[in-house]
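Please walk through this model from the whole chain down to single residues.

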Amino acid sequence: MRPIVQISLDLTNIDEALETAHLAMRAGVDWLEAGTPLILAEGLHGVRALRAAFPQTPIVADLKTMDGGYLEAEMMAKAGATHVVVMARAHEETIRCVVKAGADFGCQVMGDNMVCEDMVAGAKWLEDLGCDFVIHHIGYDERRGIAARGERMPSPLDRLREVVEAVRIPVQAVGGLSLEQAIECPKYGAPLVVLGAPLTIDADAFKTADGDLEASLRMICDAVHEQKVGS
């Protein structure tokens, strides 16, 4: 699988999400993600608006489903999502329901291993239950809370190679990565690179002289797309 750049639209209104999505697509982003904040704020309307504006672009609905799996996946697929997210910590039957809905409505399933006691085993569990992708994820509250106690903040990179080696399906790493680290993910064997939005361009190598956000994002996309996915 060639490297893919996915932008997470972690915004709370449709107009901002569409504006950022247009900028991202011009810069070379491959997939759009209706981030959890956007889904909470705008629900199906946000996904429908993205689909109307970008009829051919893959759209990830970051539902973080824990229950009601079939209905949630069905609703998002009918609204235009091509990918939905279910949590590994959900009940096995919920994961199976999301996978079934994905098959019924032509939507791929991304399984998220956040807060699994064993992240590698959680990834394998998701694959065994029929997920099409693994999201190897360290949560926002987890990272910040641990750092606030003066302890080392965990990173998805800590066990990313182990996760990649444990499964046969594509992996993406999410959670507190710097731009430099995100861009390096394909070298770990994880081809799906996620960039957060609102974007903070904080890597010197990816700043333009005039502070042009679109140009900076284009440089990031080029850097990802030039790579080969590691084994």
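Of the 231 residues of the chain, 55% are buried, where buried means under 20% relative accessible area, exposed over 50%, and partly exposed in between, with a 1.4 Å probe and protein chains only. The model is a predicted one, in which local features need pLDDT of at least 70 and side-chain atom pairs count only at pLDDT 80 or more, while totals for chains, interfaces and linings use all residues. Residues are numbered from 1 along each chain as its sequence is written, and side-chain values use heavy atoms, with hydrogens and water left out.

The C-alpha trace spans about 50 × 40 × 35 Å along its principal axes. The radius of gyration of the chain is 17 Å, which agrees with the value near 17 Å for a compact globule of 231 residues; this radius is taken over C-alpha atoms, and the globule rule is 2.2 Å times the number of residues to the power 0.38. Ten helices and eight strands make up the secondary structure elements counted in the chain. Helices (H or I, at least four residues) and strands (E, at least two) are DSSP runs, numbered from the N terminus. Among contacts between residues at least 6 apart in sequence, 67% join residues at least 24 apart, a contact being heavy atoms within 4.5 Å.

Now to the helices. Two packed helices are described by the angle between their axes and the distance between the axes. Here axes are lines fitted to C-alpha atoms, for helices over the stretch in contact, and angles run from 0 to 180 degrees between N-to-C directions. Helix α4 (residues 69-79) and helix α5 (residues 92-105) have axes that come within 7 Å and cross at roughly 30°. That makes α4 roughly parallel to α5; angles under 35 degrees count as roughly parallel, over 145 as roughly antiparallel, 65 to 115 as roughly perpendicular and the rest as oblique. On the α4 side, Gly69, Tyr70, Ala73, Glu74, Ala77 and Lys78 meet residues of α5 that include Cys97, Val98, Ala101 and Phe105. The residues of this contact of α4 with α5 divide into seven nonpolar, two polar and four charged. Ala, Val, Leu, Ile, Met, Phe, Trp, Tyr, Cys and Pro count as nonpolar, Asp, Glu, Lys and Arg as charged, and the others, Gly among them, as polar.

Helix α4 also packs against helix α3 (residues 44-53), with axes that come within 8 Å and cross at roughly 35°. Leu44, Val47, Arg48 and Arg51 in α3 meet Met75, Met76 and Ala79 in α4. That contact of α3 with α4 has five nonpolar, no polar and two charged residues.

Met1 lies in the segment before β1 (4-9) and counts as exposed at 51% relative accessibility. Beyond residues up to four places away in sequence, Met1 touches Trp31, Phe133, Pro170, Pro191, Leu192 and Val229. The C-alpha atoms of Met1 and Ile169 are 168 residues apart along the chain and separated by 9.9 Å.

Gln6, in strand β1, is buried, with a relative accessible area of 1%. Its contacts, leaving aside neighbours within four places in sequence, include Trp31, Glu33, Met110 and Gln172.

Ala190 lies in the loop between α9 (179-184) and β8 (192-197). Ala190 is buried, with a relative accessible area of 0%. Leaving aside neighbours within four places in sequence, Ala190 is in contact with Leu160, Val164, Val171, Cys185 and Val229.
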